[in-house]
Amino acid sequence: MRIAVGLGKKGGEERLAQQGVSRRDFLKFCTAVAVTMGLGPSMATEVAAALTNRRASVVYLHCAECTGCSEALLRTCKPFIDSLILDTISLDYHETIMAAAGEAAEAALEQAISNPEGFICVVEGAIPLALDGKYGYVGGHTMLDLCKRVLPKAKAVVTMGTCAAYGGVQAAKPNPTGAVGVNECFARLGMDVKAINIPGCPPNPLNLVGTLVAFLQNKEIKLDDLGRPLMFYGQSVHDLCERRAHFDAGEFAPSFDSEEARKGWCLYDLGCKGPSTYNNCPKALFNETNWPVRAGHPCIGCSEPNFWDDLSPFYQN
């Protein structure tokens, strides 16, 4: 894994070529991002320009989470994340994959948040508030104090995953750590920080990249009442699902091992939460390959607030 501390250097396409990523592969990725954003394939060149004209400095913080969102991001293929995202976006701090440790890591963070050209902050994980944040520490600092120090300085704040957006599984009952999402945390603190939410467990990495591209292009990012970009979360999973025709026809699989399930009948009777879940999973496939319902598993509503409590048990409706 190659981690570059570039603080906004130019020449993204040249660096990609040096890493063996052809312009064709790069534009293919940009086309996928453009389509996910609802812009259409013809806008791929604009996406490419946003990613290569000026590398945005990104500070990626980890709070209470399982690192699954980072895993999803790092496993993006065609081309691989280390050859593409890390050569077009200057990922200047990421506790899981950065080479630096200890004092060197602290220095990298301080350098990034002191960058006169500013930075974008991505947060993964809920913020524990109980006992003044003492349930979660990074580098000797509580996650709460770290976020209070970094987020108000950012040009934009983006949550990656449902835990950072709404608390997620960390906030499931009885929630002994007092875990909350970023926006709720700063609302309680009375601090002026408003994050764009990219929920999911994990979310599709294209939704994060598309949000960063829109910000770099100075485009207005329209949000729903839960702080999610409408370009990714404006339709329900149910409305986009390839099994919708079976739902309309009243054709429901009675069990996972049934012939009806193998034929692709609707999984609603097996617990699918697609009608009450807003996400673009059927449209923006993971690694351009698949998504849970196509693979035969019901949607569990993971991009919705309190899904762990409100939408469980996951195999019943």
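With which residue does Arg149 form a salt bridge? I began my entries with this question.

**Entry 1: the model.** I noted that this is a predicted model, in which local features need pLDDT of at least 70 and side-chain atom pairs count only at pLDDT 80 or more, while totals for chains, interfaces and linings use all residues. Residues are numbered from 1 along each chain as its sequence is written, and side-chain values use heavy atoms, with hydrogens and water left out.

**Entry 2: Arg149.** I found that the partner of Arg149 is Glu110, with the closest N and O atoms 2.6 Å apart. I took a salt bridge to be a side-chain nitrogen of Lys or Arg within 4 Å of a carboxyl oxygen of Asp or Glu. Arg149 lies in helix H8 and Glu110 in helix H6 (residues 103-113), so the pair ties together parts 39 residues apart in sequence. Helices here are DSSP runs of H or I with at least four residues, numbered from the N terminus. Arg149 is partly exposed at 26% relative accessible area, and Glu110 is partly exposed at 34%. For these words I used under 20% for buried, over 50% for exposed and the range in between for partly exposed (1.4 Å probe, protein chains only).

**Entry 3: helix H8 and its neighbour.** I next looked up how H8 (residues 143-150) packs with helix H10 (residues 182-189): the angle is about 80 degrees and the axes are 12 Å apart. The axes are lines fitted to C-alpha atoms over the stretch in contact, and angles run from 0 to 180 degrees between N-to-C directions. H8 and H10 are therefore roughly perpendicular, a term that covers 65 to 115 degrees. Leu144, Cys147 and Lys148 of H8 meet Cys185, Phe186 and Leu189 of H10, where contact means heavy atoms within 4.5 Å.

**Entry 4: Arg244.** I counted eight salt bridges by the rule above. One of them joins Arg244 to Asp239 at 2.8 Å, N to O. Another joins Arg244 to Asp248, with the closest N and O atoms 2.9 Å apart. Asp248 and Arg244 both lie in helix H14, four residues apart, about one turn of the helix. Arg244 is partly exposed at 27% and Asp239 is partly exposed at 45%, whereas Asp248 is exposed at 52%.

**Entry 5: Ser258.** I located Ser258 in the loop between helix H14 (244-248) and helix H15 (259-262). Ser258 is buried, with a relative accessible area of 8%. Its side chain reaches the backbone oxygen of Ser255 at 2.8 Å.

Conventions. Helix = DSSP H or I, 4+ residues; strand = E, 2+ residues; numbered from the N terminus. Parallel < 35°, antiparallel > 145°, perpendicular 65-115°, else oblique. Polar contact = N/O pair within 3.5 Å; in protein donor to acceptor, adjacent residues only side chain to side chain.
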